[in-house]
Amino acid sequence: MRHRKSGTVLGRSSAHRKAMFRNMVTSLLEHEQIQTTDAKAKEVRRWAEKMITLGKRGDLHARRTALKVVRSKDVTAKLFDELADRYRDRPGGYTRIIKLGNRVGDAAAISLIELVDRPEV
């Protein structure tokens, strides 16, 4: 039984999984949308929403905590300046997952995860 065990394992070691989600969160905050499988998108949403909440707090401890996950100083600056101001009045739900269909090679379910209220390019 896996009672009270949060997060998905995804068939990876803990170090690989942690590094993968750090990279995915950094890419999501930098580009504001990424395409990935459904299971990874649901897990990345948990990590990204925590980072945006830290950005809204804005203090030094929150910045250092975010730098443990988001390894790019440029993306961290964007998180604490631009994204924190954009989501200041929103109490949560900063991301949206849109199901795109199945991947051609292995028929894995593919989703687009993006930040809501992002400016159109």
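Thr 36 stands opposite Ser 111 in strand 3. The model that shows this pair is predicted. Three strands form an open sheet in the order 1-3-2, with antiparallel pairing. The largest nonpolar core has 26 residues, and strand 3 is among the elements that give two or more residues to this core.

**The sheet**

- The strands of the open sheet are ordered 1-3-2. Strand 1 and strand 2 stand at the edges with a single partner strand each, so one side of each has no neighbour in the sheet.
- Neighbouring strands of this sheet are turned against each other by 25° on average, direction ignored.
- Helix 1 packs on the sheet and touches strand 1, strand 2 and strand 3. The direction of helix 1 makes about 145° with that of strand 1.
- Strand 1 covers residues 33-37 and is joined to strand 3 by five bridges; the two run antiparallel.
- Strand 2 covers residues 95-102 and is joined to strand 3 by seven bridges, again in an antiparallel arrangement.
- Strand 3 is mostly covered, with six of its seven residues buried.

**The hairpin and two positive phi angles**

- Strand 2 and strand 3 form a hairpin, with six residues between them.
- Ala 107 lies in the loop between strand 2 and strand 3. Ala 107 has a positive phi of about 60° although it is not a glycine.
- Arg 4 also is not a glycine and has a positive phi of about 60°. Arg 4 belongs to the segment before helix 1.
- Is Arg 4 buried or exposed? Arg 4 has a relative accessible area of 87%, and exposed means over 50%, so Arg 4 counts as exposed.

**The nonpolar core**

- Within the largest nonpolar core, the residues with the most contacts are Leu 29, Met 51 and Leu 79.
- Two or more residues of this core come from each of helix 1 (14-31), helix 2 (38-57), helix 3 (60-69), helix 4 (73-86) and strand 3 (109-115).
- Which residues does Met 51 touch, not counting those up to four places away in sequence? They are Val 25, Leu 29, Ala 66, Val 69, Val 70 and Leu 79.

**Helix 4**

- Helix 4 has 14 residues. From its first C-alpha to its last, helix 4 reaches 19 Å, close to the 20 Å expected at 1.5 Å a residue.
- A kink of about 35° in helix 4 is centred on Leu 79. Leu 79 is also one of the residues with the most contacts inside the largest nonpolar core.
- The buried residues of helix 4 are Val 75, Thr 76, Lys 78, Leu 79, Phe 80, Leu 83 and Ala 84.
- The cover over these buried residues includes helix 1, helix 2, helix 3 and strand 3.

**The loop between helix 2 and helix 3**

- Gly 58 is found in the loop between helix 2 and helix 3.
- Gly 58 and Leu 115 are 57 residues apart in sequence, and their C-alpha atoms are 19 Å apart in space.

Definitions and conventions:
Residues numbered from 1 in each chain as written. Predicted model: local features only at pLDDT ≥ 70, side-chain atom pairs only at ≥ 80, totals over all residues. Heavy atoms only, no water. Core = buried A, V, L, I, M, F, W, Y, C linked by side-chain atoms within 4.5 Å. Buried < 20%, exposed > 50% of the residue type's maximum accessible area, 1.4 Å probe, protein only. Helix = DSSP H or I, 4+ residues; strand = E, 2+ residues; numbered from the N terminus. Contact = heavy atoms within 4.5 Å. Pairing = 2+ DSSP bridges. Expected span 1.5 Å × (residues − 1). Bend = angle between axes of the 7 residues up to and from the residue. Axes fitted to C-alpha atoms, helices over the stretch in contact; angles between N-to-C directions.
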